[in-house]
Amino acid sequence: MNAKVIDGKRIAEQTREHVGQAAREFREKTGIVAHLAAVLVGNDPASEVYVRNKEKACEKAGLASTLHRLPATTTQQELLDLVALLNANKDVHGILVQLPLPRHIDSTTVLDAIHPTKDVDAFHPENVGLMLQGRPRFLPCTPAGVMKLLEVTQVPTAGQHAVVIGRSDIVGKPMAALLLQKGVDATVTVCHSRTKNIGAVCREADIIIAALGIPEFVRGEMIKPGAVVIDVGINRVGDKLVGDVHYAEACAVASAITPVPGGVGPMTIAMLLQNTLKAAQSLYNPAG
Ligand code: NAD
């Protein structure tokens, strides 16, 4: 078998165009430009790239973006003060604090301080709860991007066995929750660092979502012939980016696969734009 490549770059472009069109219509109707405020603390090189890509994507789609750069020595209180200012700023609709934060700052405290209606990453416990109950305000960007890829490529999910590798709050757990929702209807298994016989579990999967952060962890022999493989991993190995799946081996067994780069990564940004526009639309109140 030679797996069909799921072109995340193209699907993300189309999604961004749709968001751009909807943002234009919203601006024409209300005079409001959807606005994302990003906060970057310190100068982690990967975070710099992510934030710059998010800014560029906003600009291309006609959304406003502001980058607040703070030095690595910023105190937690100073960061919380900035978040409070952004929460109160009527012209800001989405707030994103780029992770990881320096060690002396507690990420949970900071993320919890973002107003849930501006929490476009969907990390706030209120938004996580709403998503779990199947009435989301915002969907978390990376898992939502994966769902969009499955939908656009018409991968059947109902009754299918999906194995998610990784149980982080950002990817694994919300990914499993979305696959489990009514209407998606997958049967979901979540694997993690303590899972036994992970190869055998994966071989049972119709859909594998790899999100563990270990380069090329998923080998061809772990994949059932014809399975769909979604690789969330982004790992820098030398000067190359590789996923959590051994791409060449997986291509020989799977029916469809996402490449790295050009798979899930671009979708994450497209979903962030979608959430930012949604935030602006929800916060819009013609009476006030
Ligand atoms: P994380 O480190 O927070 O979580 C990793 C998870 O993998 C943990 O739950 C752990 O239990 C599990 N794990 C670790 N070793 C394992 C093993 N040997 N077997 C099975 N499970 C194991 O990572 P994360 O933030 O969820 O990110 C996962 C990967 O996805 C990383 O490569 C990250 O760079 C990438 N990522 C990509 C995007 C994107 O936009 N494409 C977004 C977020 C994260």
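Which residue of β8 is the bridge partner of Ile208? In this predicted model, the partner is Val229. The model is a prediction in which local features need pLDDT of at least 70 and side-chain atom pairs count only at pLDDT 80 or more, while totals for chains, interfaces and linings use all residues. Residues are numbered from 1 along each chain as its sequence is written, and side-chain values use heavy atoms, with hydrogens and water left out.

Strands of a sheet pair through backbone hydrogen bonds, in either a parallel or an antiparallel manner. Helices (H or I, at least four residues) and strands (E, at least two) are taken as DSSP runs, numbered from the N terminus, and two strands count as paired if DSSP finds at least two bridges between them. The pair that contains Ile208 and Val229 consists of β7 (residues 207-210) and β8 (residues 228-231), which run parallel and are joined by four bridges. Both strands belong to an open sheet of six strands, ordered β1-β11-β8-β7-β5-β6, with parallel pairing. At its edges stand β1 (4-5) and β6 (187-191), each of which pairs on one side only. Helix α7 (residues 172-180) packs on this sheet and touches β5 (161-165), β6 and β7, where contact means heavy atoms within 4.5 Å. The direction of α7 makes about 170° with that of β5; axes are lines fitted to C-alpha atoms, for helices over the stretch in contact, and angles run from 0 to 180 degrees between N-to-C directions.

A further open sheet has three strands in the order β3-β2-β4, again with parallel pairing. Its edge strands are β3 (64-70) and β4 (94-97), and neighbouring strands are turned by 15° against each other on average, direction ignored. Seven bridges link β2 (residues 35-41) with β3, and Val41 has Leu70 of β3 as its bridge partner. Two helices lie across β2, β3 and β4: α2 (residues 45-61), at about 160° to β3, and α3 (residues 76-88), at about 175° to β2.

The ligand is surrounded by 21 residues, the closest being Arg167, Ser168, His192, Val232 and Thr268; a residue is near the ligand if one of its heavy atoms lies within 4 Å of it. By class, this shell has ten nonpolar, ten polar and one charged residues. Helix α10 (residues 264-283) gives the most to the shell, with three residues. A polar backbone atom of Arg167 lies 2.8 Å from an oxygen atom of the ligand, and a backbone N or O atom of Ile234 is 3.1 Å from a ligand oxygen atom.

Technical notes. A polar contact is a pair of N or O atoms within 3.5 Å; within protein, one must be able to donate a hydrogen and the other to accept it, and residues adjacent in sequence count only if both atoms are side-chain atoms. Ala, Val, Leu, Ile, Met, Phe, Trp, Tyr, Cys and Pro count as nonpolar, Asp, Glu, Lys and Arg as charged, and the others, Gly among them, as polar.
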